[in-house]
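Subject: Structure handover

Hello,

Here is the structure for your set. My notes on it follow below.

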Amino acid sequence: MMEITWIAYDQNATDPYLSDFVRVADRYSSGFASFRYRLLIPARALGKIGYRINLLTLAPDDALDAVAPRVKGKVVVLSKVISPNPEVFKKWAQLTLALVRVVRMSGGRVIADINDDHFARPGYGEYFRVLVNEVDVNVASTPGMAAIIQRHTSRPVYISGDAFE
């Protein structure tokens, strides 16, 4: 059975008014539509066909040596990382890029799911320009987003539209 670790970012660690992942009955849910459409629904679908899915949420102050051992399997999917707080975003960006390198050096594969254009955004764009070149595969939410990503990398870019609830 193939294991996949899906990385998410703990918004509760940065904004107590935002709803993060919560367990509802036998499944996770989130107040963030993009987490439901881009992470939870696809992860559930993969689980139904036999993949083992591990959800790993990162807080801004997590250390690489504490996070890396929690990655299970040989495939990591990076969900949307964004924070209105530039310092929090910077911490997540540094941790994520370091984790990508550790996973790839150990023979794992990394997929970045990108559904918003932050490539030119001051304080954020550099991370996205580096990320799309460090991962094995990029996934875009639309053909337009795929074209934007492709301008920044020679790595493969695939399109996966949003799931429906």
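The largest nonpolar core has 35 residues, and Leu78 and Leu131 make the most contacts inside it. A nonpolar core here is a set of buried Ala, Val, Leu, Ile, Met, Phe, Trp, Tyr and Cys residues joined through side-chain atoms within 4.5 Å; buried means under 20% relative accessible area, with a 1.4 Å probe and protein chains only. At least two residues of this core come from each of strand 1 (3-9), strand 4 (52-58), strand 5 (75-78), helix 3 (86-105), strand 6 (109-114), helix 4 (125-134) and helix 5 (143-150). The most, 9 residues, comes from helix 3. Helices (H or I, at least four residues) and strands (E, at least two) are DSSP runs, numbered from the N terminus.

This is a predicted model, in which local features need pLDDT of at least 70 and side-chain atom pairs count only at pLDDT 80 or more, while totals for chains, interfaces and linings use all residues. Residues are numbered from 1 along each chain as its sequence is written, and side-chain values use heavy atoms, with hydrogens and water left out.

Beyond its neighbours within four places in sequence, Leu78 is in contact (heavy atoms within 4.5 Å) with residues including Ile7, Tyr9, Val100, Ile111 and Leu131. Another core, of 5 residues, lies apart from the largest one; Trp6, Ala43, Val75 and Val77 are among its members.

For the protein as a whole, there are 5 helices and 8 strands, in the order β-β-β-α-β-α-β-α-β-α-β-α-β along the sequence. Of its 165 residues, 42% count as buried.

Regards

Conventions. Buried < 20%, exposed > 50% of the residue type's maximum accessible area, 1.4 Å probe, protein only.
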